[in-house]
Every structure is written in structure tokens, then in C-alpha cells.
Amino acid sequence: MREDVESLDISDVTANWVNAEVLARQIDERIKALADLSDTPLFFGRLDYLHAPGADQAEGASKGAARSASGKGGGGHREEERFYIGRRHVHDADGDPMVIDWRAPVSQPFYRASKNDPMDIALRRRFGYTGGDLTAYEDEHLSDPAEAATTSKLLQQEIERPRVGPMRDIVATIQPEQDEIVRSGLSGTVCVQGGPGTGKTAVGLHRVAYLLYAHRERLARTGTLVIGPNRSFLHYIEQVLPALGELTVRQATVDDLVAHVEIRGTDDAAAAIVKGDARMAEVLRRAVYSHVTMPSEPVVVVRGSRRWRVPAYELEDIVRELLDRGIRYGAAREALPQRIAHAVLVQMERSGEAPDDRVQDAVARNAAVKAAVKAIWPPVDPAKLVLRLLTDADFLAEHADGILNDEEQKTILWARPVRSVQSAKWSAADAVLIDEATDLVERTHSLGHVVLDEAQDLSPMQYRAVGRRCTTGSATVLGDLAQGTTPWATRTWEEALAHLGKPDGGVEELTAGFRVPTDVITYASRLLPYIAPGLTPVASVRENPGFFEVRTIADDAEVVGACEELLRNEGSIGLIAADARVPALAEALTVAGLTYLDPGEETTRETRLTLVPASLAKGLEYDYVVLDEPQAVVDGEPDERTGLRRLYVALTRAVSGLIVTHAAPLPPQLAQDTAGQTP
């Protein structure tokens with residue numbers, strides 16, 4: 001298929017050089033999308049239908065794979081009844097499909113069919129691979145009453161396969177409850193509450209891939225965006241969508257979205273909480289529109305020998321009408337000269353003249369009209385506006401009256417005056433305020449679909465910033481309330497959806513754990529009553545209980561020894577520690593001759609150990625984890641609840657085993673389970 005595209009000759013099929021450039025770029029993107037992935041098989045499953053699929057499924061399959069797949073002359077099945085399922089559509093030299101895209105409707109029973117609901121499937125076959133080589137297969141005769149339901153061994157092996165390198169796709173292991181979310185429609189916003197290892201991030205990414213398949217033309221026009229908590233996380237997930245043939249999805253952090261100014265400062269927790277409060281939106285709105293001044297003088301337009309006068313009361317009516325319409329400040333400012341010019345044209349017509357649109361445009365550009373607009377509706381620089389709010393106590397008090405109390409206003413005021421926007425030491429929260437003000441002046445461009453991961457850590461104002469990017473589109477919100485580690489962490493998903501501008505969005509909960517071993521998640525769940533009492537604990541579905549041990553140590557050399565012990569196993573190793581402990585552990589590893597990576601760097605066969613500050617552990621996963629000094633992780637946060645949530649995150653990064661090392665006493669919430677039993 002790739003060679004067919006590479007051989008295309010477009011020299012005589014384009015009308016001009018612009019079309020030729022566009023077509024050449026599209027061909028180049030198609031070639032990239034058809035790249036071979038060394039260890040990724042083209043198909044992972046097969047479905048044998050009892051009857052030929054209906055027209056709706058056949059039509060859906062044709063989007064990615066025309067007719068039904070291979071099976072010609074095999075096993076007595078008609079061609080229409082057998083389908084091989086893979087990551088993408090594959091056809092042969094004649095254009096006949098060999099593999100059906102996993103997103104096609106005809107592929108859906110591969111994920112959802114069961115003995116209780118076979119969905120007209122006679123046989124579901126799973127294929128097992130080792131390093132890209134087909135090594136096993138497993139059959140389920142779903143419509144055969146004589147065959148009992150069994151747990152797929154290949155499915156378990158795939159789930160428990162060691163993690164080396166970046167995050168991989170889960171198309172071969174998507175579970176029914178995950179598939180329902182993945183295939184939900186484009187028009188609705190979905191929020192997924194999922195504990196550690198429930199696959200919520202993978203579900204969100206596969207949902208993007210599905211939507212791009214089902215609504216390709218629409219999303220090609222409007223765009224898609226994946227938002228993650230930090231660059232390390234985005235680097236970790238960046239290869240999932242390309243592996244599924246999707247290369248056009250942009251990835252960013254919230255800080256990237258609101259990068260109107262350079263971030264050189266930080267806020268203390270109290271200031272960040274107030275700046276991130278949704279009430280700041282009204283403060284900013286008041287401040288922006290305070291620049292509008294009601295006219296006190298008429299506008300006199302001179303054209304030739306005639307003078308046309310628009311009285312102040314008529315100008316005031318025009319201004320009030322624009323304010324009442326609720327349009328953006330900048331759009332109203334652009335409309336004002338045309339409205340004034342229209343009032344002049346009405347007078348011209350009454351006097352017997354017949355002005356046209358060119359006359360109206362000329363009047364709108366008249367010096368007197370431009371001067372009036374500048375006085376009535378002056379331009380507003382969003383960054384300068386926010387700077388004034390944060391440095392001018394009287395200006396802030398005027399527009400925060402009845403919204404922020406005196407103490408809250410003092411909390412966000414800067415202690416020292418700042419000369420300019422460029423010299424200001426802006427914080428991340430300040431940039432979000434500038435983004436809000438910018439949107440009040442000029443509408444933010446909306447995308448077709450946005451995926452927001454690790455959403456539980458966002459402030460209300462950050463939710464608003466993300467929501468502005470999908471006002472006319474939809475969103476997939478992913479997170480875990482128990483893993484909220486900011487002072488302003490989300491309390492309920494209903495609140496989050498309201499701030500996002502999607503109050504009608506549905507909330508789905510994933511509780512089956514596919515990553516974290518049973519013993520590890522059971523230990524970590526001791527913290528849930530203290531950090532998120534209303535959440536359902538994750539129930540691990542892994543057959544392997546995993547390796548778990550709590551060790552009392554004397555020095556850092558024993559932490560290094562635990563890492564060396566785990567490095568004897570296959571897979572990646574993460575050493576997670578409180579941020580303040582990282583320099584000492586880095587030195588201990590260096591002295592011991594152990595090379596290590598920073599979060600986000602790709603593991604290799606030679607270097608499989610990553611030293612992870614607890615603040616960057618969220619969203620990452622390793623086959624084995626050494627967690628250093630749990631109490632230090634808790635103490636590294638401004639309050640105990642946030643510290644316990646950070647610890648919960650760190651405890652749940654392991655796929656196969658966890659060693660907890662501590663010289664200091666364990667946090668009391670870990671030292672005893674919910675029944676008061678000491679481990």
C-alpha cells in the first residue's frame with residue numbers, strides 16, 4: 001500500500017503549483033501513516049459471523065476497509081462472514097480488504113461479544129505475538145452452548161506484558177466497558193473517572209482515534225487536541241496515536257494553551273487558589289468593560305459642504321445596544337464605527353441623498369468617528385489589564401467589590417510595582433487570567449474535540465481555558481479525584497464539567513484495574529478513606545498478584561540495593577521519591593555505578609531505571625517501582641490530604657511489583673488498614 005502511494009505521479013493532475021504542493025503534502029502524510037512498525041502486527045483478531053453482517057455494519061466497514069476481509073476458500077465460510085481485525089485497514093494489490101480497521105462497526109463484537117450475548121459471532125480468535133512474530137492463537141466459540149466461558153490467557157498475557165519504552169496502544173485488549181466509552185458519539189462530552197491502572201488515558205486516546213475514523217472530514221476541518229499535565233507525560237503517550245495511523249492530533253499542556261506571556265514567577269498556594277477561582281472571570285469581565293465610557297458629546301461628520309450630527313443620546317443608545325448583545329469587547333469595538341456611520345446614512349437618506357455601502361465605509365473611517373470610538377470604546381491589552389489588577393489596589397477593589405473579600409484581594413496583589421508587561425514575573429495562574437481577558441476581547445478559536453487528561457488537578461479558571469478551546473465541539477475528560485494533588489483539586493466532576501462549559505456531559509466510572517497488581521492496589525487503597533471517601537476502590541483483574549514488600553532501611557545504599565534487585569527482572573524500573581530526596585538518591589545511584597533516566601526519557605535495553613520526583617510521577621507506569629520514604633512524599637506537600645494523594649499516586653505506578661523503603665516511620669494511614677489492622 002505504501003509503495004502504491006510512493007509511485008503516484010502527480011505531475012499532470014494539478015492545475016497550479018499551489019494544488020501541487022497541497023497534494024504532495026497529503027501524499028507525504030499518507031506515506032508516513034503507512035509506515036511499518038517493527039514489533040506491531042497488522043492484525044490481532046478474527047471474527048467469524050454466523051450470518052453476513054447487516055448493511056449498516058457493511059457500510060461502516062467500507063469507511064476503512066471496503067468489503068469483508070480474507071478467508072477466501074477457507075473452512076467453508078463465505079467471504080462475507082470472516083473478518084480479520086487490526087489496527088488499520090489493509091487491502092491487497094486488487095484493492096480487496098485483508099484486514100478490517102478495529103474502529104469499523106463490523107469489528108465491534110471483537111470487544112463486546114460474550115457467551116451471554118454472542119452478537120451473531122460463531123468464533124472469536126485472538127492472536128498472540130512475541131516481538132512481532134505470531135506465536136499463538138486462542139479460540140472462543142461464543143455461540144456454542146457446549147463450550148463454557150473462559151478467561152482469555154492471551155488477554156492476560158498482553159495486559160501483564162512488561163512495559164519498556166513509551167505507552168503503547170491497547171486495541172487488542174480493549175474491554176467492553178472501555179469500548180462503550182471509546183465509541184460514544186462526537187456530539188456529547190464524556191467524563192471518565194478511573195482509578196490507577198483502569199486504562200482511562202488509553203481509553204481517551206483510542207476515543208480520539210475512533211472519532212477521527214468516524215468523523216474524519218469534520219474533525220479535519222475543526223481539529224483535535226490532547227491536553228496532558230506536563231511534557232514528560234505527553235512524551236510518554238505521543239506514540240499511541242501514530243501507531244494507530246493518526247498523525248494530525250496536536251498535543252499540549254494547559255500552560256502551552258495560555259502562553260501569552262513568559263512564565264518566570266510562582267504563586268504561593270493561597271494566591272494560586274484565589275487566582276484559579278471561577279469568580280475571577282467576573283472580576284476580569286468588569287475590568288474589561290469598565291473601559292467603555294458613555295458619550296457626552298455628539299459626533300459631527302463633515303462631507304463636502306454638509307455636516308451630519310449624531311447626538312450624544314443616540315450614540316449612547318448605540319453603545320448600550322452593543323453592551324446588551326453580550327458580544328466580545330473587540331467585536332463590539334469594530335462594530336461601533338459602522339453603527340455610527342449607519343446613523344449618519346439614515347440622516348442622509350432622510351435629506352434625499354442615496355448613499356451606498358462605500359459611503360458608509362467612508363463615514364466609518366472619518367476622523368471624527370474614529371476619535372469618538374477611541375474615546376468611547378478604547379482598545380484593551382489583556383496583559384496590561386491583568387497587570388493593573390494585580391498591582392493597582394484601587395482598580396482591583398473597584399472591580400472585585402462584592403466578589404472577593406479584602407483578604408482575598410490582598411492575597412493576589414503584588415508586593416512590588418512592575419514597570420511593564422515584559423518585566424513582570426508572571427506565574428502560571430496569571431497566564432490563565434490573561435487568557436480569560438483575551439477571550440473577553442476576542443473569541444478563542446474552538447476545536448472539534450479536546451481530550452483533557454489528569455483533569456482532577458485543574459483549577460476552575462484552567463477548566464474555563466480548556467472549555468474555550470471546544471465551545472462548539474466536545475470533550476473527553478479523564479481523571480481520578482483521589483489523585484488530585486493541587487490545593488485547588490477538583491471536588492466533583494459535575495463542578496468540573498460546569499466550569500468547562502459542558503454541564504450536560506455524562507460521567508462514566510472505570511473500576512476494573514488492568515495495570516496495578518492486587519496486593520499493591522489493596523495496600524494503596526488504605527488511603528482512600530482519607531483522600532476520597534466516596535470513590536469505589538479499584539479491583540485488580542490481573543491473575544498475577546504481583547510482588548510487594550515494605551522494607552525498613554538504614555541508609556540510601558539499601559534503596560540502591562532494592563533497585564539493583566529489581567533490575568534483575570525484565571522490564572522498566574522506577575525509583576520514585578519526594579522531590580527533596582531526588583538529589584541525594586541521584587548521588588547514591590551514581591556512586592553505585594547505576595545509570596538512570598529522567599522522567600519522559602525513553603527506556604532502552606541498557607538503561608531501564610528512571611529516577612522520578614513524586615511531583616512528576618502522575619500518569620507514568622513502570623514494571624517495578626521502588627518507593628522511597630512515603631512520609632517524605634506526604635511532607636513535601638502543603639497539607640496532609642494533598643500529601644496523601646501524592647503518595648497514592650506514587651504507590652500505584654507499578655505494573656508487576658513494588659518495594660516500599662523507609663527509615664522514617666510510615667504515615668499512620670498506611671501503617672494501619674481501614675479495619676485498624678497493622679500490616
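Visitor: What are the ground rules here?
Guide: The model is predicted: local features need pLDDT of at least 70, side-chain atom pairs count only at pLDDT 80 or more, and totals for chains, interfaces and linings use all residues. Residues are numbered from 1 along each chain as its sequence is written, and side-chain values use heavy atoms, leaving out hydrogens and water.

Visitor: How many residues of strand E13 are buried?
Guide: 6 of the 6, residues 474-479, so E13 is largely enclosed by the rest of the structure. Buried means under 20% relative accessible area, exposed over 50%, partly exposed in between (1.4 Å probe, protein chains only). Strands (E, at least two residues) and helices (H or I, at least four) are DSSP runs, numbered from the N terminus.

Visitor: Which residues are on each side?
Guide: Ser-474, Thr-476 and Leu-478 on one, Ala-475, Val-477 and Gly-479 on the other.

Visitor: Which strand does E7 join?
Guide: E7 (residues 190-194) runs parallel to E13, with 4 bridges. Val-192 has Leu-478 as its bridge partner. Pairing takes at least two DSSP bridges between two strands.

Visitor: And what about E12?
Guide: E12 (residues 449-452) also pairs with E13 in the parallel sense, over 4 bridges. There, Val-451 stands opposite Thr-476.

Visitor: New topic. Where is Glu-454?
Guide: In the loop between E12 and H22. Most residues other than glycine have a negative phi.

Visitor: Is Glu-454 buried or exposed?
Guide: Buried, because its relative accessibility is 3%.
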